[in-house]
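Here is a short briefing on one protein model. Please keep the sequence and the 3D view open while reading.

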Amino acid sequence: DRSRGLGDVYKRQENSSILNLWKVVKNRAQGYSISVTTFFRRTCFDGYDLTGLQTSLDEIYNNIADHSESNGNAFSYISYEEEKHMIHVAACDFGVGIPFTLKRAGYNYENDAEAIRQSLEVGVSAKSQTHNKGFGLDNVTSNLSEGGMLRMVSNSGVVFCTNAKNNVKQYLIDYNFQGTLVFFDICIDCLLYTSPSPRDRSVSR
């Protein structure tokens with residue numbers, strides 16, 4: 001419906017800072033990233049450079065589409081916590097998991113937590129698609145700043161990452177999570193403020 005604004009399409013009506021649960025669809029991943037970024041720019045962050053947010057969403061959703069083998073059983077949830085100036089992103093797929101994918105591609109790791117940690121490095125690829133150069137999660141960690149955090153659970157491993165890749169902790173859990181769960185927090189206070197665009201200034205809040 002062209003008469004409906006981005007806010008009407010994406011946000012939960014009872015709370016404008018919480019977006020609707022979205023089922024990750026392979027051929028719509030990048031379009032959704034653009035739409036989410038545009039929504040936040042128009043409603044909350046006029047004049048801020050949200051390139052890092054959009055890039056992070058692209059990487060997370062493309063990983064699900066390219067590597068998870070979840071057959072469409074994947075979802076994303078996004079909210080904005082105004083009091084802390086923090087955008088929270090959660091994405092979960094019920095596929096094979098990062099450690100399984102990397103081991104199948106020929107990598108050897110001591111445990112699943114180590115495999116997840118290595119997936120944050122540049123060039124570590126599942127080789128599941130001919131265009132893949134890597135998981136791209138290093139792009140997500142490079143967008144972390146003070147207050148931001150990346151948390152990942154996959155198979156029997158858990159990884160916490162803050163302040164880019166300077167502070168990474170990994171753990172093992174006593175059960176197998178079939179798939180991958182990603183939490184990503186980005187602090188708006190650390191984003192570059194440029195200036196409101198003429199188009200955005202014309203949009204009523």
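Predicted model: local features only at pLDDT ≥ 70, side-chain atom pairs only at ≥ 80, totals over all residues.

Helices H2 and H3 pack with their axes within 9 Å. The disulfide count is 0.

**Helix pair H2 and H3**

- Two packed helices are described by the angle between their axes and the distance between the axes.
- H2 spans residues 29–43, and H3 spans residues 51–67.
- Their axes come within 9 Å and cross at roughly 150 degrees.
- Angles over 145 degrees count as roughly antiparallel, so H2 and H3 are roughly antiparallel to each other.
- The crossing of H2 past H3 is right-handed.
- H2 brings Ala29, Gln30, Tyr32, Ser33, Ile34, Val36, Thr37 and Phe40 to the contact.
- H3 brings Leu53, Gln54, Leu57, Asp58, Tyr61 and Asn62.
- By type, the residues of this contact are 8 nonpolar, 5 polar and 1 charged.

**Cysteines**

- The model has 0 disulfides, taking sulfur atoms within 2.5 Å as the criterion.
- Cysteine 92 has a relative accessible area of 14%, so cysteine 92 is buried.
- Cysteine 161 is at 0% relative accessibility and therefore counts as buried.

**Threonine 162**

- Strand E6 covers residues 149–162 and includes threonine 162.
- The cut-off for buried is under 20% relative accessible area; threonine 162, at 18%, therefore counts as buried.
- Beyond its neighbours within four places in sequence, threonine 162 is in contact with Leu144, Gly148, Met149 and Asn167.

Methods:
Residues numbered from 1 in each chain as written. Heavy atoms only, no water. Axes fitted to C-alpha atoms, helices over the stretch in contact; angles between N-to-C directions. Helix = DSSP H or I, 4+ residues; strand = E, 2+ residues; numbered from the N terminus. Parallel < 35°, antiparallel > 145°, perpendicular 65-115°, else oblique. Left-handed = near helix turned anticlockwise from the far one by under 90°. Contact = heavy atoms within 4.5 Å. Nonpolar A, V, L, I, M, F, W, Y, C, P; charged D, E, K, R; others polar. Buried < 20%, exposed > 50% of the residue type's maximum accessible area, 1.4 Å probe, protein only.
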